[in-house]
2 protein chains.
Amino acid sequence: MIEDAVNPPNVTLEEIARAAGVSPSTVSRILNGTARVLPAKQKAVEQAIARFNYRPNVLARSLASGKTDTIGVLTQTVSSPFYAEWLRGIEDGLQEPGFTPLFVSSRWNVKDEVSRMEQFIARRVDGVIMLHSQLDEPSLIGYSRHAPLLVLGRSLQISASLASLALDNLQGARDATRHLLEQGHREIAFIAGPPDHEDAIERLNGYRMALEDAGIGFDVDRVEQGDYLETGGEAAMERLFARGASFSAVFCANDQTAYGARLTLFRRGLRVPEDISLVGFDDLPTSSYMTPPLTTVRQPTYEIGRLAAQGIVQMIRRQPVTLSPVSLTLMTRETTRRIVPSSRPGDSPL
Amino acid sequence: MIEDAVNPPNVTLEEIARAAGVSPSTVSRILNGTARVLPAKQKAVEQAIARFNYRPNVLARSLASGKTDTIGVLTQTVSSPFYAEWLRGIEDGLQEPGFTPLFVSSRWNVKDEVSRMEQFIARRVDGVIMLHSQLDEPSLIGYSRHAPLLVLGRSLQISASLASLALDNLQGARDATRHLLEQGHREIAFIAGPPDHEDAIERLNGYRMALEDAGIGFDVDRVEQGDYLETGGEAAMERLFARGASFSAVFCANDQTAYGARLTLFRRGLRVPEDISLVGFDDLPTSSYMTPPLTTVRQPTYEIGRLAAQGIVQMIRRQPVTLSPVSLTLMTRETTRRIVPSSRPGDSPL
DNA sequence: TTGTAGGCGTTATCAG
DNA sequence: CTGATAACGCCTACAA
């Protein structure tokens, strides 16, 4: 029998108190469970709240209490399929402890990244999670003085208010390359990520290391520059061919790059994996639906997101943070294929 | 020469005023450009702000001013590739007018949707944009009394505080089906979306309508239920075959469904488009990188996001809202192919 | 042009 | 257990 009349939007705690015949502090106590209150008053207040459809003003509450129950989450692009699962993990992980994530994008731009952080501070978030920050360590330490800061995808000197969770990109890239080697490939091309990305560099190093482990020289001629985007992979693959590079497999610094490379192969009438083997990195949700399903290095991003959520909450509560490093695993699917050892070395797909 | 000492986190406007030798209101005025101030004081204040690295407390400001410059954005899943571009469009569109989006997911769950809206109200957002709400119209109208509400992907009775922007799903589906018909296909299967989604129903109707326009009966046997996800498309396609349905083309209610269907075709050794033509809906960013690139109906989601951002700001400013309906366009790529009329009617790919 | 004072809606500290 | 009362940090008349 609750009337759905045109309720004057903003009911305040004080009005509830008056309606219930108690003092504002009592209402506040009931709202927060701060102290025991007589059942009778409790009930009166609850009824008033229901009747007026009262909702505490979060702003006022935060101002008074000094906490906002908000976590700033800085991502490079909210729209990247790569970050999507991370965000979901974070959102889910923050749900139960009662925090709200504030997602913003820096668009791979250091200046934006700074302004977003300033915004977080101005909004008095209780903590910040950064996905792939480009800021230098001193800056990060500076920000961590305002609120606990957790940086994903980097490894930093940690403190009580600064933590990081790194992924073993090097290992992942090494495994992927090794897989190709085990299949008999000797000429493995690599399409790199942005040269200024820490993880892109690690992946390149992993590729290189695996090659050297196998006694195969690292050949610059088989490496092309990509940009982590489909278009970059497409173009890089094109350049590889234009340059007459010889290879039987291509390892791409990330899945999006692999998608682009795949398209170029398709355009040139080359079959995957019959003519060329292809490996990606990230294991985006759609990668297992490519034709054929892409062999790639899986990053458990959703789980990492949850871990991060859990970690930042622990930091806020001044509890010890437990962030064990996450390992990446190769998902062997159908874009790689064993090469017959009899094939003449130096065989070019061209 | 700014010292980066361990600054006591929270400098207040009052401290700035004291340091600059002026009153708090003067500082406030300078901060907001509310009134002219003597150049000398202006400078003194600016210096103090810089020196103390002062950042106004957004909470206090909002509480006092009654506006938060925040827009609640309710999406079904932050992590869906489908919503990604919308979010980006909204974020970009909100940037310039100075609003911050607050992204949350309802996970396709009405209960969550309600609680998110409550949260928005509690946070006193200045406006709300909903992507595909499942709430009924009365509820939406109710919420719109708290703050301007803009619903995307639905068509509603509009008012000064409630607007909607619908997409012509029916038209899009009709065009797609017609395209297939023009290519000579007569047996066109359809993998539908969730039966309780307005747009899924519209797409089914568009398919049906095109068939009837062409004088071809709508055949339930060629329709399978999907769920807008890859796995659903995969399974639906499988069922289509298991049931022995006969078709030369498949139209999927969305791209993710098409991805799944594509995989099933691949598994069965059927070529696209040589054996079966395939059409999707949405034009996700990766669709043009499928093998072969997917023919699909494009929704200009990024642009819609920007439009929505612009629209909600107009509503907040009590300006007339201009939301012209958005049309969808067929992107003819390479998963569809003209069928030779000579092929015996009733030809089954099996 | 500038300062004073009151208020925004809650929480939190103290008596009682 | 409960009610005043003072913050929280800023904005905005109002007055000077």
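Predicted model: local features only at pLDDT ≥ 70, side-chain atom pairs only at ≥ 80, totals over all residues.
A:Thr75 sits opposite A:Ser105 in strand S2 of chain A.

The partner of S2(A) is strand S1 of chain A, which covers residues 70–75. The two strands run parallel and are joined by 6 bridges. Helix H5 of chain A, residues 81–95, also belongs to this picture: S1(A), H5 and S2(A) together make up a β-α-β unit, and the unit is right-handed.

How many of the residues of strand S2 of chain A are buried? The count is 6 of the 6, across residues 100–105, so the strand is largely enclosed by the rest of the structure. Buried here stands for under 20% relative accessible area.

Most peptide bonds are trans, and most residues other than glycine have a negative phi. In chain A, the bond joining A:Thr291 and A:Pro292 is cis instead, with omega at about -15°. A:Pro292 falls in the loop between strand S9 (277–282) and strand S10 (295–298) of that chain. Chain B has a cis peptide bond from B:Val272 to B:Pro273, where omega is near 5°. Here the proline, B:Pro273, belongs to the loop that lies between helix H11 (255–267) and strand S9 (277–282) of chain B.

Positive phi values turn up in chain B too. B:His132 is not a glycine, yet its phi is positive, at about 60°. This histidine lies in the loop between strand S3 (127–131) and helix H7 (137–143) of chain B, and it counts as buried because its relative accessibility is 11%. B:Asp282, another residue other than glycine, has a positive phi near 130°. B:Asp282 is part of strand S9 of chain B, and with a relative accessibility of 4% it counts as buried.

An unreviewed UniProt entry lists residues 10–36 of chain A as "domain: HTH cro/C1-type". In the model, that span is 63% helix and 0% strand, and its end C-alpha atoms lie 27 Å apart.

How values were computed. Residues numbered from 1 in each chain as written. Chains lettered and ligands numbered in written order. Heavy atoms only, no water. Buried < 20%, exposed > 50% of the residue type's maximum accessible area, 1.4 Å probe, protein only. Helix = DSSP H or I, 4+ residues; strand = E, 2+ residues; numbered from the N terminus. Pairing = 2+ DSSP bridges. Right-handed = clockwise from strand over helix to strand, strands pointing away. UniProt positions renumbered as here; feature names shortened; annotations may be inferred.
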